[in-house]
Amino acid sequence: MSSEFDHAAAIANCARGKHDALHQLYVHESARLLGVVIRIVKDRGMAEDIVHDACLNIWQRADSFDPDKGSARAWIFSIARHLALNAIRYRDREITFDSSAPTELDHDEHFQHASVVDEAFDWQTGQRIDSCLEALEPERRNCVLHAYVDGLSHAEIAAHTGAPLGTVKAWIKRSLLRLRECMA
């Protein structure tokens, strides 16, 4: 009896829709995947999210695995690595704005008038957002608010609500799509 895990067979079973195969892959490789991703992104919460997304990608793309192009284990780790590198690229592109820094525009009469117009626009937009949020199911609305108002990570929201991490991510993603449609 071999103690070696058969990654290729597990991926083939994922392609056939066998959920247990993905679970076996996760149990066998998640700790190592997390270690690799943490070394890349240097943030455990982000790394956990990336490993979760990697598992979803493995499940969704299992039928595209070609054993002639490389080992199954390398394919799994390349998915996680690419997601981690993409996360770093997106994180590095974020622009931070220091709202406490004084600007010369604060004294310009034109910009003071523009801020009054902006406040009115913000009020109307806020009213629309409130009504769109009210249209969401309470648990989904709470997840969105925890993420975007409280600044909680998906993992923190899952711990706070008791819902599985994948469910929290799906709720937030779908809720944002519904909010975008509602605001359009």
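Student: Which residues touch the most other members of the largest nonpolar core?

Tutor: In this predicted model, the largest nonpolar core has 27 residues, of which Ile11, Leu25, Val37, Val41, Ile58, Trp75 and Ile76 touch the most other members; a nonpolar core is a set of buried Ala, Val, Leu, Ile, Met, Phe, Trp, Tyr and Cys residues joined through side-chain atoms within 4.5 Å. Helix H1 (7-15), helix H2 (19-41), H3 and H4 each give two or more residues to this core, and H4 gives the most, with 9 residues. Another core, of 8 residues, lies apart from it and has Cys143, Ala147, Ile157 and Val168 among its residues.

Student: How many helices and strands does the secondary structure of the chain come to?

Tutor: There are 8 helices and 0 strands, where helices (H or I, at least four residues) and strands (E, at least two) are DSSP runs numbered from the N terminus.

Student: How many aromatic pairs are there by the rule for rings, and what makes the pair of Phe65 and Trp75 stacked, edge-to-face or tilted?

Tutor: Rings of Phe, Tyr and Trp (its six-membered ring) pair if their centres lie within 6.5 Å, and planes under 30 degrees apart count as stacked, over 60 as edge-to-face and the rest as tilted. The count by this rule is 1 aromatic pair. With ring centres 5.4 Å apart and planes at 55 degrees, Phe65 and Trp75 therefore form a tilted pair. Phe65 sits in the loop between helix H3 (44-61) and helix H4 (72-93) and Trp75 in helix H4, 10 residues apart.

Student: What else is Trp75 in contact with, leaving aside its neighbours within four places in sequence?

Tutor: Taking contact as heavy atoms within 4.5 Å, Trp75 is in contact with Ile11, Ile58, Arg61, Ala62, Ser64 and Phe65.

Student: How do you know whether Trp171 counts as buried or exposed?

Tutor: Buried means under 20% relative accessible area, exposed over 50% and partly exposed in between (1.4 Å probe, protein chains only). Trp171 has 16% relative accessibility and therefore counts as buried. This residue is found in helix H8 (residues 165-183), and its contacts beyond four places in sequence are Glu139, Arg140, Cys143 and Ala163.

Student: Why are H6 and H8 called roughly perpendicular to each other?

Tutor: The axes, which are lines fitted to C-alpha atoms over the stretch in contact, with angles from 0 to 180 degrees between N-to-C directions, come within 9 Å for helix H6 (residues 138-148) and H8 and cross at roughly 90 degrees. Angles under 35 degrees count as roughly parallel, over 145 as roughly antiparallel, 65 to 115 as roughly perpendicular and the rest as oblique, and H6 and H8 are therefore roughly perpendicular. Where they meet, H6 brings Glu139, Arg140, Cys143, Val144, Ala147 and Tyr148, and H8 brings Val168, Trp171, Ile172, Arg174, Ser175, Leu176 and Leu179.

Student: What makes Lys42 buried or exposed?

Tutor: Its 68% relative accessibility is the reason why Lys42 counts as exposed. Lys42 has its place in the loop between H2 and H3, and its phi is near 60 degrees, a positive value in a residue other than glycine. Most residues other than glycine have a negative phi.

Methods:
Residues are numbered from 1 along each chain as its sequence is written. This is a predicted model: local features need pLDDT of at least 70, side-chain atom pairs count only at pLDDT 80 or more; totals for chains, interfaces and linings use all residues. Side-chain values use heavy atoms; hydrogens and water are left out.
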